Each structure stands twice: as structure tokens, then as C-alpha cells.
Amino acid sequence: MTDDTTESTIVDGAQLLEERAGDAALESPNYDGEFDAVIVGAGLAGSAAALTLAKRGLEPLLIERGTYPGAKNVFGGVLYTPTIRELTDLDGAPLERYIGEKRFSMLSHHDETAVSLKPGDWHREPHNDSFTVFRGDFDEWFAEQAVEAGATLITETTVTGLIREKGAIAGVETDRPDGEIRAPYVILAEGGNSLVSEGAGLKETESRENIAVAAKEVLEFPENDEAIEDRFRLVGDAGVSYHYFGEGAVGEAFGGGFIYTNDDTVSVGVAYSLEDAATKRQSPEETLNLFKSHPAVAPLLKDARTVEYSAKTIPEGGAETMPDLVHDGALLVGDTAGLVLNNGVHLEGTNMAVESGYHAAAAIADTIEGDGHLSQYADALEQSFVVQNLERYAWLQERVEEDRELLFERLPTAIADASTEYFEMDRKPKETHAKAAKARVLETVGGLKGATKLALRYRKLVR
Amino acid sequence: MSVSPRIPDTDIQNDSMEDRLYTVKYDDPGDSHLDVKVPSICADSCETADCVSICPADVWRRDDGEVPTIAYENCLECSSCRFACTYDNVVWEYPTTGSGVSYKHG
Ligand SMILES: Cc1cc2nc3c(=O)[nH]c(=O)nc-3n(C[C@H](O)[C@H](O)[C@H](O)COP(=O)(O)OP(=O)(O)OC[C@H]3O[C@@H](n4cnc5c(N)ncnc54)[C@H](O)[C@@H]3O)c2cc1C
Ligand code: SF4
Ligand code: SF4
């Protein structure tokens with residue numbers, strides 16, 4: 001196959017993918033020793049690893065449990081592409097819109113206080129490497145890029161366990177008849193619900209304090225073709241990501257709501273602490289309904305129809321709960337390694353998944369070529385933005401958790417009250433209102449002393 | 001313009017759970033991929049039934065003092081119940097050979 005990525009080669013890629021899937025899975029299941037590495041899961045991390053290995057001239061086998069790559073995957077979402085763009089050409093990738101505006105919004109019960117960012121640069125290529133996508137489309141396309149580069153993909157096949165020989169991991173067991181496949185290296189890219197890694201003792205089950213539950217709906221506007229452009233003020237391929245916090249977004253729980261614009265649909269959802277969902281008995285369905293009904297949110301979604309409902313968990317233990325990344329014969333990447341940054345301001349996992357898949361594959365390729373060692377994967381990741389970012393924000397989650405009642409309930413209400421006060425139209429002098437507004441906020445944070453303390457507690461945010 | 005403008009209409013039509021689940025493509029594996037490990041823990045020890053309150057698809061239902069019923073064919077494979085059960089009492093496997101949910105817009 002040539003490597004010009006025209007429409008037609010991509011179609012060929014899809015056929016090839018199916019043929020190979022048929023061959024490998026059904027006709028000749030014995031592939032022992034045929035592959036340099038087996039990769040569990042054709043999500044972003046898995047396909048990044050497969051593509052990297054194939055480009056180095058090696059033969060990876062990519063195993064996916066869904067009917068196609070992406071069929072089982074759910075995210076918000078905004079795909080961050082700085083690493084993907086280095087691995088492959090994004091022309092022809094199924095992207096929905098680039099992010100031209102980010103908006104952060106505090107919702108109290110009835111009020112909204114928001115900040116909007118629209119840097120002009122985001123309208124220019126490469127658009128800050130931020131695009132809305134559907135994983136069903138994008139993951140399939142990304143896996144095809146790996147297949148075109150020489151990787152083999154098997155779908156509808158679930159890895160059920162790992163094979164160990166003399167203590168080292170030496171392959172995988174699958175749910176196919178005679179489904180054992182031996183290979184010198186295994187990359188675990190199975191996402192956050194890591195049944196295989198946990199079953200093999202490579203990682204512990206995360207405690208529910210470090211898990212968020214998310215429910216999402218993709219909505220269309222059947223009666224109004226211009227609804228998305230008009231309501232979100234979009235031109236061309238520009239799109240928005242709106243992030244919501246506070247009581248009005250997710251009730252008493254720790255987390256947030258989101259709206260992202262796709263080509264002709266919007267993705268709306270909530271993601272919040274599973275521990276809170278359980279202890280405060282706050283179901284995902286009700287939480288999503290309440291968020292969608294907030295007076296600041298509802299007008300954006302008026303007369304929408306549900307295209308698809310979905311749900312998923314997010315591992316958010318960050319740097320603190322990261323498992324060992326390197327094992328004898330196996331490497332953990334992406335969500336399996338807990339590589340998600342979710343701290344309110346950022347929700348990033350796609351970029352970390354791809355970056356980690358790339359470094360894991362590079363370590364395996366170097367090892368096979370005789371001038372490397374698997375452990376170099378952990379070092380490379382530590383020096384990359386992945387671990388650096390996770391460590392940088394490790395303190396934030398904890399602190400926000402301690403202050404959450406103030407940050408998400410009392411303060412949003414106080415700020416909304418203060419703005420109402422500040423801009424109040426009556427016959428009193430502005431100064432009276434300004435003083436009262438200031439007093440309202442200060443009272444909530446505990447006076448000037450309290451404000452200073454709060455600023456100190458969060459000063460690292462802007463450092 | 002009228003003398004006093006109307007307050008914005010924030011009536012949002014939220015779908016019922018049934019309608020929501022109807023939007024999800026599902027291929028029934030025939031057998032449940034979910035179960036409980038020790039039924040008596042659910043019936044006798046567990047007071048909170050967190051599996052019920054956190055499930056985004058109403059798969060789990062429990063009457064007081066009983067073992068939950070599991071409508072596995074509504075499962076969105078989100079994995080929340082596996083993490084939420086503080087008794088570690090949920091059996092959670094993947095539906096076999098590609099069955100279960102298939103999302104298009106995930
Ligand atoms: C609601 C939500 C919103 C999010 N929003 C964003 C966002 O806006 N931006 C962002 O950057 N990140 C976001 N994230 C995080 C991001 O989605 C993840 O970090 C990212 O998808 C991780 O990629 P991965 O390849 O590690 O895992 P996954 O994408 O989960 O891929 C794992 C793959 O492995 C397959 N698999 C699993 N087990 C097996 C098995 N045993 N055998 C065979 N195949 C198997 C799965 O089917 C799947 O294809 C969000 C996450 C959620 C849940
Ligand atoms: S939470 Fe666990 S122990 Fe309690 S009813 Fe559910 S499955 Fe049983
Ligand atoms: S995996 Fe999610 S949708 Fe399925 S039963 Fe458990 S909580 Fe419910």
C-alpha cells in the first residue's frame with residue numbers, strides 16, 4: 001500500500017481492516033510468535049502505540065473488544081492533538097469543530113457568572129490543537145492509520161487475561177476459541193476499567209474517591225438548522241467548549257457540567273465524584289436533568305432531541321495513584337495508567353493517552369533493536385508534559401475538595417449577589433453599591449484575612 | 001415591546017430513561033455480564049445499595065432486604081457499579097465478542 005492518504009486509501013484501509021480481522025480472528029487463530037507486541041485496546045493510547053511500532057517497521061497486533069475501534073468509547077469531548085499530529089497527517093481525520101471559545105461558568109441555584117476566552121490565534125491553524133470529535137468516528141480512523149502503516153487489528157475480541165511464563169508476561173488470552181496469543185511484549189491500553197491489568201495484579205482497583213461518573217447526551221435541533229451557529233455564535237468550523245461548576249451544575253457533588261459543539265449536534269453532560277453520587281444519593285440521570293434545566297443552560301438546548309445517551313467513568317487519582325508503569329514484558333498506558341488531568345479547569349486525557357502510547361512503543365522498539373530497555377518508558381513519560389502536568393496539579397484536587405462548600409456553593413452565590421448589587425439600577429450612588437458588593441464577597445470568604453488566606457492557598461494556580 | 005417582558009422560558013424537555021436508552025445501539029449477548037458475588041451480602045449487610053443510586057441506566061433495582069435485580073441489557077458499560085460497591089460484591093465482565101453497547105457519538 002502506498003502512503004498517500006487520499007479518501008480512497010482510507011476506504012481501502014477499512015476493507016483491509018475487516019479482512020484482516022476476519023483472517024486473524026476466525027480462520028487462523030494461531031498467531032503465536034507472529035507479532036512483536038500485542039496491544040490490548042484500540043483506543044487513543046493503543047492506536048498511538050500500534051502506529052508508532054508499525055512506523056518503526058515492527059509488527060504489532062491491536063485487539064479491540066468493540067465491533068469497531070471507538071464503538072465502546074465515550075468522552076466529553078475535546079480531542080487534544082499535539083502528539084497525534086506528529087504521528088500522522090490529520091488531513092482527512094473526522095474532526096467536528098475546532099475550539100474557538102472556552103467559557104468557564106459558575107452556576108449557583110439561579111445565577112450564572114462566567115468568563116469567556118476567545119484568543120484570535122485559536123482561529124488559525126493548528127487551532128490550539130483542540131477539536132471536538134466523536135470517538136466512534138475518530139478512533140476508527142486513527143486505528144486505520146495504524147493498519148495502513150502495517151499494524152494488524154482484530155475487533156470483536158476481548159482480552160480476558162495475560163499469559164505468564166517464568167514470571168514474565170508473554171502474551172494474552174482472549175474470548176475467541178483457541179484464543180491465546182503469545183508475543184514478547186504486551187501494552188495494556190484497555191482504558192480506566194482495567195479488568196485485564198487488575199486481574200493480572202499489575203494495578204489495584206481504584207477507590208471510588210478517585211473515580212468520576214459521567215453521563216452525556218448528544219442533542220440535535222431538528223426544527224432549527226441554525227440553532228448551533230446562532231446560540232453559540234459560531235462562524236465556519238469554529239466551535240465552543242463551555243464548562244460549568246457549582247451547585248447549579250452538579251448539585252452538592254464535586255465535579256462539573258459541559259457543553260461542546262459538534263458539526264450539527266451538541267454534547268451535553270455532567271461528570272462528578274462517584275463517592276458523592278453514592279453518599280449524597282445523587283443519580284447521574286437526575287444530575288444531568290437538573291443541569292440541563294438550569295436557567296442559564298436551558299435556553300441553549302431548547303427544542304433539542306436526543307441522538308444518543310452514554311455514560312462512562314473517569315479515573316482522576318492523578319499522580320498520587322499512578323500504578324507501576326513498567327512490568328516484566330508489559331507496559332501500562334493511557335487511562336489504564338491513570339493518566340487523566342481533571343481538576344475543574346482542565347479535563348485532559350486524550351493527549352496523555354497518545355503521548356504515553358507513543359513513548360511505550362518507542363521503548364519497545366528500542367529494546368527490540370537492542371539499544372534500550374522497557375524502563376525507559378517510565379523515564380520518558382516523567383520528562384514529558386504528562387507526568388509534569390499531573391504533578392503540577394496534584395495539590396489542587398485535594399485543596400478544592402477541602403474548600404468545596406465555599407468554592408462551589410457559598411462563593412458562587414455571593415459573587416452573583418455581589419454582581420447584582422454592583423450593577424443595581426436605582427437612585428443610590430454607585431459607591432454605595434460597590435461597597436455593599438465588596439462586603440458581600442468578603443463576608444463569605446471570612447473578611448480580608450480570609451481572602452488573603454484563600455489567595456495563598458491557590459497562588460500556585462497562576463505561578 | 002410589552003410593558004413587562006416575559007421571564008425566559010427554561011422549560012426543557014428531558015427524555016425519560018426509557019427514551020434515552022432507546023437511543024443506544026445494543027446487541028444482547030444472551031447472558032448477563034453482571035452479577036453479585038455473594039447474594040447474602042446484598043440482602044443482609046448492605047444498607048445503602050450504592051449500585052442502585054449511581055447507575056446511569058437504572059440497571060440495578062433493590063427492594064429492602066433483598067438481592068438486587070440486574071437489567072443487564074440496559075447496561076452502558078460505564079463501570080460505575082464495579083467501583084461504587086463498597087463490599088466489592090459486583091461481578092463485572094465484558095460482554096463477549098463485541099456484544100453489548102455500540103456508541104456512535106461517544
Ligand atoms: C465523560 C468523559 C469526558 C472526557 N472528556 C475529555 C475531554 O474533553 N478531553 C480529553 O482530552 N479527555 C477527556 N476525557 C478523558 C479521555 O477520554 C481519556 O483519557 C482517553 O479516552 C483515554 O484513552 P485510552 O486509549 O487510554 O482509553 P480508552 O479510550 O478507554 O480506550 C480503551 C480501549 O480498550 C478497549 N478495551 C478495553 N478492555 C479491553 C479488553 N479486555 N480487550 C480488548 N479491548 C479492550 C476499549 O473498548 C477501548 O477501545 C473524558 C473522559 C470521560 C469519561
Ligand atoms: S452496593 Fe454492592 S453489596 Fe450493596 S446491593 Fe449493590 S452490589 Fe450488593
Ligand atoms: S456498568 Fe454502569 S450502566 Fe452498567 S450496570 Fe454498572 S453502573 Fe449501570
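This report walks through strands, salt bridges and surface charge in a predicted model.

## The open sheet in chain A

Let's start with the sheet. Chain A holds an open sheet of six strands with mixed pairing, and the strand order is S7-S2-S1-S11-S18-S17. Its edges are strand S7 (152-154) and strand S17 (326-327) of chain A, each of which pairs on one side only.

Inside that order, strand S1 (residues 37-40) of chain A runs parallel to strand S11 (residues 185-188) of chain A, and four bridges join the two.

## Strand S14 and its neighbours

Strand S13 (residues 238-245) of chain A runs antiparallel to S14(A), and four bridges join them. One pair to look up here is Tyr244(A) with its bridge partner in S14(A), Gly257(A).

S14(A) also pairs with strand S15 (residues 266-273) of chain A, again in the antiparallel sense, over seven bridges. Within this pairing, Gly256(A) stands opposite Ala271(A) in S15(A). S14(A) and S15(A) form a hairpin, and four residues lie between the two strands.

## Chain B at a glance

Chain B has 106 residues, of which 45% are buried. Its secondary structure comprises four helices and six strands. Followed along the sequence, these elements give the pattern α-β-β-α-α-β-β-α-β-β.

## A salt bridge between the chains

Over all chains, the whole structure contains 27 salt bridges. One of them joins the side chains of Asp50(B) and Arg208(A), at 2.7 Å from N to O. This pair crosses between chains: Asp50(B) sits in helix H3 (residues 50-54) of chain B, while Arg208(A) sits in the loop between helix H5 (195-199) and S12 of chain A.

Are these two partners buried or exposed? Asp50(B) has a relative accessible area of 7%, which is under the 20% cut-off, so this residue counts as buried. Arg208(A) is buried as well, at 9% relative accessibility.

What does Glu217(A) pair with? Its salt-bridge partner is Lys292(A), with the closest N and O atoms 2.6 Å apart. Because Glu217(A) belongs to strand S12 of chain A and Lys292(A) to helix H9 (residues 284-293) of chain A, the pair ties together parts that are 75 residues apart in sequence. Glu217(A) is buried, with 0% relative accessibility, and Lys292(A) is buried too, with a relative accessible area of 3%. The buried residues of H9(A) are Pro284(A), Glu285(A), Thr287(A), Leu288(A), Asn289(A), Phe291(A) and Lys292(A).

Another salt bridge links Glu220(A) with Arg305(A), and here the closest N and O atoms are 2.8 Å apart. Glu220(A) lies in strand S12 of chain A and Arg305(A) in strand S16 (residues 305-315) of chain A, so this pair ties together parts that are 85 residues apart in sequence. Glu220(A) is partly exposed at 24% relative accessibility, and Arg305(A) is also partly exposed, at 47%. Elsewhere, salt bridges that share partners bring Arg208(A), Glu275(A), Arg281(A) and Asp50(B) into one network.

## A negative patch on the surface

Finally, turn to the surface. A patch of negative charge gathers Asp225(A), Glu226(A), Asp230(A), Asp237(A), Asp263(A) and Asp264(A).

Where does Glu226(A) sit in chain A? Glu226(A) is in the loop between strand S12 (211-220) and helix H6 (227-232) of chain A. With 44% relative accessibility, Glu226(A) counts as partly exposed. Patch members need over 30% relative accessible area, and Glu226(A), at 44%, is over that cut-off.

Key
Residues numbered from 1 in each chain as written. Chains lettered and ligands numbered in written order. Predicted model: local features only at pLDDT ≥ 70, side-chain atom pairs only at ≥ 80, totals over all residues. Heavy atoms only, no water. Patch = residues over 30% accessible without salt bridge, like charges linked within 9 Å, V, L, I, M, F, W, Y side chains within 5 Å. Areas by Shrake-Rupley, 256 points an atom, 1.4 Å probe, with all protein chains shown as cover. Salt bridge = Lys/Arg side-chain N within 4 Å of Asp/Glu carboxyl O. Lys, Arg positive; Asp, Glu negative; His and termini not counted. Charge placed at Lys NZ, Arg CZ, Asp CG, Glu CD. Buried < 20%, exposed > 50% of the residue type's maximum accessible area, 1.4 Å probe, protein only. Pairing = 2+ DSSP bridges.
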